[in-house]
Amino acid sequence: MARADQDAAPALADMDLSGKSITLAVTGGIAAYKACEIVRLLTGSGASVRVAMTQAATRFVGALTFEALSGGPVYVDQFSGGMPHLALGRGCDLLLVAPATADILAKAASGIADDLVSSVILAAQCPVAFAPAMNSAMWENPATQRNVRTLAGDGAAILGPASGPLACGTSGSGRMLEPGEIVEHCRCLLSPKPLAGKKVVVTAGPTYEAIDPVRGITNRSSGKQGYAIARSARLAGADVTLISGPTALPCPAGVRRIPVQSAAEMLDAVLGSVKDADIFIAVAAVADWGIENPCAEKIKKSSGAPEIRFRRNPDILGTVCALGERPALCVGFAAETQDILRYAQDKLRAKGADMIVANGARSAIQSDENEVIFVTRESAEPFGPAAKERVADRLIERIIQLTERSQEIQA
Ligand code: CTP
């Protein structure tokens, strides 16, 4: 197979931000020190970053630090000449306010422009994102919640906040997202959106079939491939629901996750989500067999070897493909140890799917890499070995092509 890096397709996951221009407005909270890392990550991805600060922010981190990290002047004074309040929010691709204090959210929501940063926000002609950071009482105050709703209603992106330990010594909501998460949201905001308006449902991870309250049957699926696909679909602008068996993975930014345990629960969640979906991607390693006689109490060894009876689990992909009003595109995976292509073609027909992504069961499971064949009724395209993120990007590109083709046929 050809190595994936010979393929010219750009990876959404590694999306280079070269050519993108971002204005970062830093306001006065303790999380201002994390904004240094945001600048470093953005410039490291190729973006050019200009920094504006409130006077209060300069009391937490010196302008000189941001000058060194961004490689340009830092703007603090509204009256320093050159109309920075107009220039900074124009001719750029994104205005990111991080950290965003309760004060700046209130000013922005009411259109107040009484210093450089609030004026930049009011004059901005590009998408605006706020990463709130404050004490939980301030965040939960109805006034702040009202301001955030107003800003979101006006089209701003609200990134976070997260819950966790706060600088004031308490714990709760109001903590700024980590710099890496904020940059990930920026990538999403800046990426092209060929799947905008499309609803995508992805299953991922293993399932867990309980034998008793402490024991069960599962498999070694890590969920990495399914999570990477959910993330790529989100970066492409889709509304993504991720129905996930037990994994330790964090939910990709902007994705709605529904955690499930058993195959039956996964089917329920899928049927509840797939009604108005355009695309269904079944990546989960669903147990083919569930336990017919799970025990309500822990089975004691003194009661002898347990007699476990199995029953067939529903075929989730097959069920969705057979729905009267099924998503326009249904994609499955086939993990095989031999005759990969033939089994994948059989599954494509048997399940009524539009594409099967065939992979080697031994190499894919628990690995960060995958080597696949995208099998449709007309073609079989090998891809990889490559990082699962690259495989996810390529799958989403194939799906975009198939969606565009079917729209052309309908037109
Ligand atoms: N799948 C599913 N529900 C099941 C079993 C599988 O939705 N109960 C989906 C998987 O998510 C995957 C595809 O069907 O997209 C293929 O799964 P696989 O286990 O490889 O195939 P099986 O249908 O179980 O066939 P076999 O056990 O014969 O390989």
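The second largest pocket holds about 430 Å³ of space; a pocket here is an open set of points on a 1 Å grid over the protein atoms alone, where a 1.4 Å probe fits, with protein on both sides within 12 Å along at least five of seven lines. Volume is the space filled by probe spheres set on the points, which are joined across faces, edges and corners. Of its 19 lining residues (those with an atom within 4 Å of a point), Arg231, Pro250, Cys251, Pro252 and Ala253 are closest to the centre. H10 gives the most to this lining, with four residues; helices (H or I, at least four residues) and strands (E, at least two) are DSSP runs, numbered from the N terminus.

All this comes from a predicted model, where local features need pLDDT of at least 70, side-chain atom pairs count only at pLDDT 80 or more, and totals for chains, interfaces and linings use all residues. Residues are numbered from 1 along each chain as its sequence is written, and side-chain values use heavy atoms, with hydrogens and water left out.

The largest pocket comes to about 830 Å³, and that is where the ligand sits (more than half of its atoms lie within 2 Å of the pocket's grid points). Around the ligand are 14 residues, each with a heavy atom within 4 Å of it; Ala282, Ala284, Leu317, Phe333 and Lys351 are the closest. S17 supplies the largest share of this shell, four residues.

As for oxygen atoms of the ligand, one lies 2.7 Å from a backbone N or O atom of Ala282. A polar side-chain atom of Asp288 is 2.9 Å from a ligand oxygen.

Conventions:
Polar contact = N/O pair within 3.5 Å; in protein donor to acceptor, adjacent residues only side chain to side chain.
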